[in-house]
Protein chains: 2
Amino acid sequence: MHQKKLKLADLAKLAGVSTSTASRALNDNPLIKQETRERIQQLAKEHNFSLNAAASRLRLQKTKVIAVLINLDSETEQSIDDPFLLKVVSDINLAVNRQGYELLLSNSFMAGDDWHGYFIDGRRADGVIVVGQGKQQALIESASKAGMPLVVWGDPKTDADYVIVGSDNYLGGKLAADHLISRGCKAPLFLGEPEHAEIGERYNGFCAAIASKGIEGECQLLKIDITSQAAYDAINLKLRTDGLNFDGIFACSDMVALGAMKALKERYVSIPNDVHIVGFDDIAMADVSFPSLTTIRQDTKQAGELLVNKLLAQLDGEQVVSSQLAIKLVERQSS
Amino acid sequence: MHQKKLKLADLAKLAGVSTSTASRALNDNPLIKQETRERIQQLAKEHNFSLNAAASRLRLQKTKVIAVLINLDSETEQSIDDPFLLKVVSDINLAVNRQGYELLLSNSFMAGDDWHGYFIDGRRADGVIVVGQGKQQALIESASKAGMPLVVWGDPKTDADYVIVGSDNYLGGKLAADHLISRGCKAPLFLGEPEHAEIGERYNGFCAAIASKGIEGECQLLKIDITSQAAYDAINLKLRTDGLNFDGIFACSDMVALGAMKALKERYVSIPNDVHIVGFDDIAMADVSFPSLTTIRQDTKQAGELLVNKLLAQLDGEQVVSSQLAIKLVERQSS
DNA sequence: GAGCTTTATGCAAACGTTTGCAATAGGGGC
DNA sequence: GCCCCTATTGCAAACGTTTGCATAAAGCTC
């Protein structure tokens, strides 16, 4: 079994110094003689000593914790299942750790409505990264107004007074459209829900590019949830009712694209011969699906870094602005 | 901007009571008159008051936090990308929240080698859930010996003195083998790395079932990393060198199965006519792939609940034992 | 109305750090 | 030998809760 927990005072006694000296030694404070510092650090290591974070946070009024708030769209409590979102969280985690911070994984369920109160006043975290603007933009707004250090993963073009990091969704939509047109598409279809900020921008860019190329007839829109199941169902229904009246799909996410592909393949619609498909995100599956999926890649690694850096800059009192990540078309077999 | 943070003493003053009364009122302590309790709780809500968690933790010697430690196999710092793992984490998160705890997302990188010291002595969490036994079972072992409240997601058959929750991997392997045989497979192939505890059990169950059915020749084994890319490469190589000398695949995970499927499809090997495939996990993609993937489903929701409940039971001083989750074969088109 | 129990509240200590300030010692200049 | 300066260390307060114990008021018994 474990021996009783050492506190700083015990360690100090072992070393024959005062607690203040021990504290400074562990923090490598130059006030303390180099030799003493090393001796105490050595001693701490030998005894597996670690500071009581609770006490330290209380005293310092700083937690060294960043909360990641997954902003679930649905009111129903449910686990996240889009691999892309999880990838983003995972990359944020890495970036957070690299800066010596810890990651509190939270969600709208835990935090309630008063985010500032819960996280900041409650001394649970020093700042918050919100993943997904969701439909509760009001909550983000009010937390930001209350002075909560905050960065949001979303669409950076959104007119908001909080800091947003996200991909250039409009350009993404445009690239997808240009690509489909260059492949000869005459009747493109957009698959997704433009009410959602990021997806809305993708839709706008998509439509604008198509209009500018003078495709006859406007671009078709099929509003669905961001799940492969919804896409599968929607495409199935559409084929049954309208027949195959499109020759290109731009899906708002890879999962959606994959769901659509499945429906098409089951009905022997050839990809890419009959229908060209472009997705969004570039999750691992995009490369593994057959045919592999052409898609717009979002750089989650850079996103993680940027989100964290901007948040830390805010904590340092710097003025920070939204920024947009470059995206890029990855051509594969589906188009 | 936000007004200056209220502390409990301020709230008490507003209510015209002492801090102790305010504290008890907020915790619904029956010592305090019902009416007073309600009045103070109401006041707290109005003023968006929240307790300083750091102070509370210091005083209570309890954090109400559970750490989830992702035990990455590789030494290289890298983000997790298997959707299944992330699903597990996500379901743990739900279960943790449901119990009123918070989730600290951590990894072997942050925690160093002395997990007990870091999490427990450091008062960062009350207990730890380790996801993935990985190759550092020694670290788990020593943390457990040190008395760290701990539950591990892994293979419950492992002979260890810490508590493990996981699927019945051996049975999973057996089910997969029986299924492939019932489909007429004569030359099955196992895709995965049996050194890994969970996968090893799947392999054992698989081989045992095959041997008992008297398939001539032993079961082929292709050792690969648990990624779709590795599977894709390995199957490609194998087809080039050995030709198609197998007619069934049991992949250690769905991602691996999907990678293998891609390689086969690219070479016009028909699934399931030429090769039957069974995966493991039942991630969302299994249903969306084409052909959809027959697989052994792991119940992550139940896993999350069980992991958390067992951990909390430990915190309550109860004796807890490992347990095994039921799994089930989900038949789809790939077999 | 004295004594006792019950109900409701307040006082003050403790949790384990960090840090401003004071204190001590040693060294050098004169 | 005295003074001052620097280098190193220690003292004690403060961070904001929670809770054992003391207290006070009120109700009850006889």
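The model is predicted.

**Entry 1: the contact between chains A and B**

I began with the contact between the two chains. Chain B puts in 55 residues, and chain A puts in 55 residues. I then asked which elements of chain B each supply at least two residues of the side that touches chain A. I listed α4 (53-60), α5 (83-98), β2 (102-107), α6 (108-111), α7 (115-121), α11 (228-242), α12 (254-266) and α13 (284-288). The top contributor on this side of chain B is α5(B), with 8 residues. By class, the side of chain B that touches chain A has 24 nonpolar, 17 polar and 14 charged residues.

**Entry 2: strand pairing across the chains**

Next I looked at β2. Strand β2 of chain A, residues 102-107, is joined to β2(B) by 3 bridges. The two strands run antiparallel. I checked one pair by residue: L103(A) has L105(B) as its bridge partner.

**Entry 3: a sheet in chain A**

I traced an open sheet of 6 strands in chain A. The order reads β7-β6-β8-β9-β10-β12, with mixed pairing. Which strands stand at the edges? They are β7 (220-222) and β12 (328-330) of chain A. Each has a single partner strand, so one side of each has no neighbour in the sheet. On average, neighbouring strands here are turned by 20° against each other, direction ignored.

**Entry 4: around DNA strand D**

I turned to DNA strand D and found 26 residues around it. Which of them come nearest? I noted S18(A), S20(A), T21(A), L8(B) and S20(B). Chain A supplies at least two residues from each of α2 (19-26) and α4 (53-60). I sorted the surface near DNA strand D by class: 11 nonpolar, 10 polar and 5 charged residues.

**Entry 5: the nonpolar core**

Last, I opened the largest nonpolar core, which holds 191 residues. The members that touch the most others are I129(A), L191(A), A260(A), I129(B), L191(B) and A260(B). The largest share, 9 residues, comes from α5(B).

Leaving out residues up to four places away in sequence, L191(A) touches L222(A), I224(A), A231(A), I249(A), F250(A), A251(A), C252(A), V256(A) and A260(A).

Conventions:
Residues are numbered from 1 along each chain as its sequence is written. Chains are lettered from A and ligands numbered from 1 in the order in which they are written. This is a predicted model: local features need pLDDT of at least 70, side-chain atom pairs count only at pLDDT 80 or more; totals for chains, interfaces and linings use all residues. Two residues are in contact if their C-beta atoms, placed from the backbone, lie within 7 Å. Helices (H or I, at least four residues) and strands (E, at least two) are DSSP runs, numbered from the N terminus. Ala, Val, Leu, Ile, Met, Phe, Trp, Tyr, Cys and Pro count as nonpolar, Asp, Glu, Lys and Arg as charged, and the others, Gly among them, as polar. Two strands pair if DSSP finds at least two bridges between them. Axes are lines fitted to C-alpha atoms, for helices over the stretch in contact, and angles run from 0 to 180 degrees between N-to-C directions. A residue is near a molecule or strand if its C-beta atom, placed from the backbone, lies within 6 Å of it. A nonpolar core is a set of buried Ala, Val, Leu, Ile, Met, Phe, Trp, Tyr and Cys residues joined through C-beta atoms within 7 Å. A residue is buried if 20 or more other C-beta atoms lie within 10 Å of its own, exposed if 12 or fewer, and partly exposed in between; C-beta atoms are placed from the backbone.
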